[in-house]
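Take a look at the sequence and the model, then read on.

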Amino acid sequence: MSATTTKHLRTALIVLIAVLAFVATYQVAEAADRGTQPAGEPAALPVADGASPACACCGNSGTGEPIEGAAAVEGDVQRISVDATSGYDPNVIRLTAGVPAEITFSQASGCMAQVMSEDLGFYEDLTGGPKTVRIEADVLQPGEYSFSCGMQMVFGTIIVE
Ligand SMILES: [Cu+2]
């Protein structure tokens, strides 16, 4: 065997080892990913401390089941509270037309840190604590309105009747 051939073989061997090492690392990483999301079970919702990757919650909550809630009319105002820690609960809010509404969104972080509605004209930051959005009676005409997280990835509906 010539010196040149030996050199080439050695180079090829080194490349082969590098490729194998890369593939092995990749498979280990993939297995670790699977470990956190067992097949057939929904992924756990991230905790609401902002430590989870941005918008990891959006994938789950954006396609979540409808959770209906109706505002309670108290005197000349109707009120409802919405848990915004991981998706909106409720995410379908029923309001009475012509009565001012106060919707209180809970403190939230990460993907859910802001709540907004172009339809109803509000934008609030929820990282500092709960915020109450007041919608005046003249705005609350019968119809369906949309609200969402600040990234417009997690949505809720307000139905005024
Ligand atoms: Cu988001």
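Predicted model: local features only at pLDDT ≥ 70, side-chain atom pairs only at ≥ 80, totals over all residues.

Let's begin with Gln 152, which sits in the loop between β9 and β10. Strands here are DSSP runs of E with at least two residues, helices are runs of H or I with at least four residues, and both are numbered from the N terminus. The phi angle of Gln 152 is near 55 degrees, a positive value in a residue other than glycine. With a relative accessibility of 39%, Gln 152 counts as partly exposed.

Residues are numbered from 1 along each chain as its sequence is written, and side-chain values use heavy atoms, with hydrogens and water left out.

## The big picture

The protein has two helices and ten strands. Reading from the N terminus, the order is α-α-β-β-β-β-β-β-β-β-β-β. Of its 161 residues, 31% are buried.

The accessible surface comes to about 9700 Å², and 58% of that belongs to carbon and sulfur atoms; such areas come from the Shrake-Rupley method with a 1.4 Å probe, and for residues only the protein chains shown count as cover. As for contacts (heavy atoms within 4.5 Å), 54% of those with a separation of 6 or more are between residues 24 or more positions apart.

## The copper site

Which residues hold the copper ion? Its donors are Cys 111 (SG), Cys 149 (SG) and Met 151 (SD), at 2.3 to 2.6 Å. A donor is an N, O or S atom within 2.8 Å of the metal (3.2 Å for Na, K and Ca), and water is not among the atoms, so sites may look incomplete.

Along the chain, the donors follow the spacing C-x37-C-x1-M. The two cysteines bring together distant parts of the chain: Cys 111 is in the loop between β5 (101-105) and β6, while Cys 149 is in strand β9 (residues 143-149), 38 residues apart. Both Cys 111 and Cys 149 are buried.

## β5 and its partners

Now for β5, which is mostly covered, with four of its five residues buried. Strands pair if DSSP finds at least two bridges between them. β5 pairs in the parallel sense with strand β3 (residues 77-82), over five bridges, and there Arg 79 stands opposite Glu 102 of β5. Strand β8 (residues 131-135) runs antiparallel to β5 and is joined to it by five bridges.

## The nonpolar core

A nonpolar core is a set of buried Ala, Val, Leu, Ile, Met, Phe, Trp, Tyr and Cys residues joined through side-chain atoms within 4.5 Å. The largest one here has 26 residues, and Tyr 88, Leu 95, Ile 103, Phe 105 and Ile 158 touch the most other members. Two or more residues each come from β3, β4 (92-95), β5, β8, β9 and β10 (155-160).

## Ser 117, tucked away

Is Ser 117 buried or exposed? Ser 117 counts as buried because its relative accessible area is 3%. This serine lies in strand β6 (residues 114-117), and its side chain reaches the backbone oxygen of Ser 146 at 2.7 Å. That makes a polar contact, meaning a pair of N or O atoms within 3.5 Å; within protein, one must be able to donate a hydrogen and the other to accept it, and residues adjacent in sequence count only if both atoms are side-chain atoms. Apart from neighbours within four places in sequence, Ser 117 is in contact with Phe 122, Ser 146 and Phe 147.

## Two more stops

Gly 121, in the loop between β6 and β7 (122-125), is exposed, with a relative accessible area of 63%.

Finally, a cis peptide bond joins Asp 89 and Pro 90, with omega about 5 degrees. Pro 90 lies in the loop between β3 and β4.

Conventions. Buried < 20%, exposed > 50% of the residue type's maximum accessible area, 1.4 Å probe, protein only.
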